[in-house]
Amino acid sequence: AEYMGREREAEGAAAAQVLQRDPEAANSRVTLEIVEVGPHVDDSSRSVLVRKPDGSLVKADAKTRQRLSQLVNPRFVPADYARKRRGERFKPIDLSAASVKK
């Protein structure tokens, strides 16, 4: 299983073709992620680019695209909500105040 993971990482690295190399844009401390936003852009056609610390500009991988698309266009995923709220589903309710007669 570990071998397959390394093979997929190598495929991903090979698939990330360099669109531009700009030594002046190089910054050894920062990776910039650039996202196209606007009402005319849907998630499937959104341009997501990454400027790497060495100054090369590449298209983002699928995981980065999904993460940044979620920031731009958030979606409610019930399973994620349930995971975050685990243990809070059935809190005890104090009804003592409601049963007091006035």
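Leu19 lies in strand S1, which spans residues 18-21. The model described here is predicted. At a relative accessible area of 40%, Leu19 is partly exposed, because the value falls between the 20% limit for buried and the 50% limit for exposed. Beyond its neighbours within four places in sequence, Leu19 is in contact with Leu49, Leu57, Val58 and Lys59. One of these residues, Val58, is 39 residues away in sequence, yet the two C-alpha atoms are 5.5 Å apart.

Strand S1 is joined to strand S4 (residues 56-59) by 3 bridges, and the two run antiparallel. Within this pairing, Val18 stands opposite Val58. Arg21 has Ser56 as its bridge partner in S4.

Strand S4 also pairs with S3, again antiparallel and through 3 bridges. Here Arg51 stands opposite Leu57. S3 and S4 form a hairpin, with 4 residues between the strands. Gly55 sits in the turn and has a positive phi of about 95 degrees.

Taken together, 4 strands make an open sheet in the order S1-S4-S3-S2, with antiparallel pairing. S1 and S2 each have a single partner strand and stand at the edges, so one side of each lacks a neighbour in the sheet. On average, neighbouring strands are turned by 20 degrees against each other, direction ignored. Helix H2 (residues 62-72) lies across S2 and S3. Its direction makes an angle of about 60 degrees with S2.

The largest nonpolar core consists of 5 residues: Val48, Val50, Val58, Ala60 and Leu68. In soluble globular proteins, nonpolar side chains tend to be buried together. Val50 has contacts beyond four places in sequence with Thr31, Leu32, Glu33, Ser56, Leu57, Val58 and Ala60. Among them, Val58 and Ala60 are also members of the core.

Arg46 is found in the loop between strand S2 (32-35) and strand S3 (48-51). Arg46 counts as buried because its relative accessibility is 4%, and the limit for buried is under 20%. The Arg46 side chain reaches the backbone oxygen of Glu36 at 2.9 Å. Not counting residues up to four places away in sequence, Arg46 touches Val35, Glu36, Val37, Val41, Arg65, Ser69, Val72 and Asn73.

Technical notes:
Residues numbered from 1 in each chain as written. Predicted model: local features only at pLDDT ≥ 70, side-chain atom pairs only at ≥ 80, totals over all residues. Heavy atoms only, no water. Buried < 20%, exposed > 50% of the residue type's maximum accessible area, 1.4 Å probe, protein only. Polar contact = N/O pair within 3.5 Å; in protein donor to acceptor, adjacent residues only side chain to side chain. Contact = heavy atoms within 4.5 Å. Pairing = 2+ DSSP bridges. Core = buried A, V, L, I, M, F, W, Y, C linked by side-chain atoms within 4.5 Å. Axes fitted to C-alpha atoms, helices over the stretch in contact; angles between N-to-C directions.
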